[in-house]
Amino acid sequence: MKVARQGKIIELINKYDIETQEELADRLTLEGFHVTQATVSRDIREMKLTKMSFDDGRQKYILVQGSDGEMNDKYLRVLREGFVSIDRAENILVIKTVSGMAMAVAAALDSMQWKEVVGCIAGDDTIMAAIRTKDDTLHVMDRIRRLMIQK
């Protein structure tokens with residue numbers, strides 16, 4: 001439940017400008033995660049979320065990635081926990097996930113900023129990732145499979 005909730009947090013902060021823990025808790029509740037403010041606070045701390053300021057004085061939560069394109073450990077955990085299988089059709093990857101995790105896994109894939117990945121579209125449990133070429137598709141499949149077995 002924790003990984004799914006934290007995956008949903010990634011999805012929500014990427015989709016909305018969430019300024020407060022209360023707003024995040026409300027959005028999680030609307031998505032079916034019944035949380036307390038203490039749980040949200042703990043998730044924010046564990047995920048190392050930070051607030052980014054805008055010129056108009058507003059702030060929003062963001063997940064900071066490591067330097068040089070390194071993937072944040074939380075994205076990697078979401079990817080590993082949500083991943084079920086991968087297949088391809090020409091230069092499109094079809095990635096199956098645990099139900100409700102596709103958007104979070106797609107956000108994790110997007111965060112890798114691999115030059116071969118043009119973009120991802122996610123539903124509830126399926127991601128379609130457009131890859132630049134057929135050869136790149138095989139390479140990206142291999143990279144994802146290696147991430148799944150890394151410790």
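**View 1. D142 and R146 sit together in helix α6.** D142 and R146 both belong to helix α6 (residues 134–149), four residues apart, or about one turn of the helix. Helices here are DSSP runs of H or I with at least four residues, strands are runs of E with at least two, and both are numbered from the N terminus. The two side chains meet in a salt bridge, 3.2 Å from N to O; that term means a side-chain nitrogen of Lys or Arg within 4 Å of a carboxyl oxygen of Asp or Glu. D142 is partly exposed at 39% relative accessibility, and R146 is partly exposed too, at 41%. (Buried is under 20% relative accessible area, exposed is over 50%, and partly exposed is in between, with a 1.4 Å probe and protein chains only.) What you're looking at is a predicted model, where local features need pLDDT of at least 70 and side-chain atom pairs count only at pLDDT 80 or more, while totals for chains, interfaces and linings use all residues. Residues are numbered from 1 along each chain as its sequence is written, and side-chain values use heavy atoms, with hydrogens and water left out.

**View 2. R5 and D43 tie two helices together.** The count of salt bridges comes to eleven, and one of them joins R5 to D43, with the closest N and O atoms 2.5 Å apart. R5 lies in helix α1 (residues 2–15) and D43 in helix α3 (residues 37–47), so this pair ties together parts that are 38 residues apart in sequence. R5 is buried, with a relative accessible area of 13%, and D43 is buried as well, at 1%.

**View 3. D17 meets K60.** Here's another salt bridge, with D17 and K60 at 3.4 Å, N to O. D17 comes from the loop between α1 and α2 (21–30) and K60 from strand β2 (residues 59–63), so to speak distant parts of the chain, 43 residues apart. D17 is partly exposed at 37% relative accessibility, whereas K60 is buried at 15%.

View 4. You'll find Q21 in helix α2, where Q21 is buried with a relative accessible area of 18%. Leaving aside neighbours within four places in sequence, Q21 is in contact (heavy atoms within 4.5 Å) with Q37, V40, S41, I44 and Y61.

**View 5. I144 in the largest nonpolar core.** This core has 43 residues, and L93, L109 and I144 have the most contacts inside it. (A nonpolar core is a set of buried Ala, Val, Leu, Ile, Met, Phe, Trp, Tyr and Cys residues joined through side-chain atoms within 4.5 Å.) Helix α5 (residues 102–111) gives the most to the core, with seven residues. Not counting residues up to four places away in sequence, I144 touches F83, I86, L93, I95, L109 and W114. In soluble globular proteins, nonpolar side chains tend to be buried together.

**View 6. Strands β5 and β6 form a hairpin.** Strand β5 (residues 117–122) and strand β6 (residues 126–131) run antiparallel, joined by five bridges; two strands pair if DSSP finds at least two bridges between them. The hairpin gets from β5 to β6 through three residues. Across the pair, C120 stands opposite A129 in β6.
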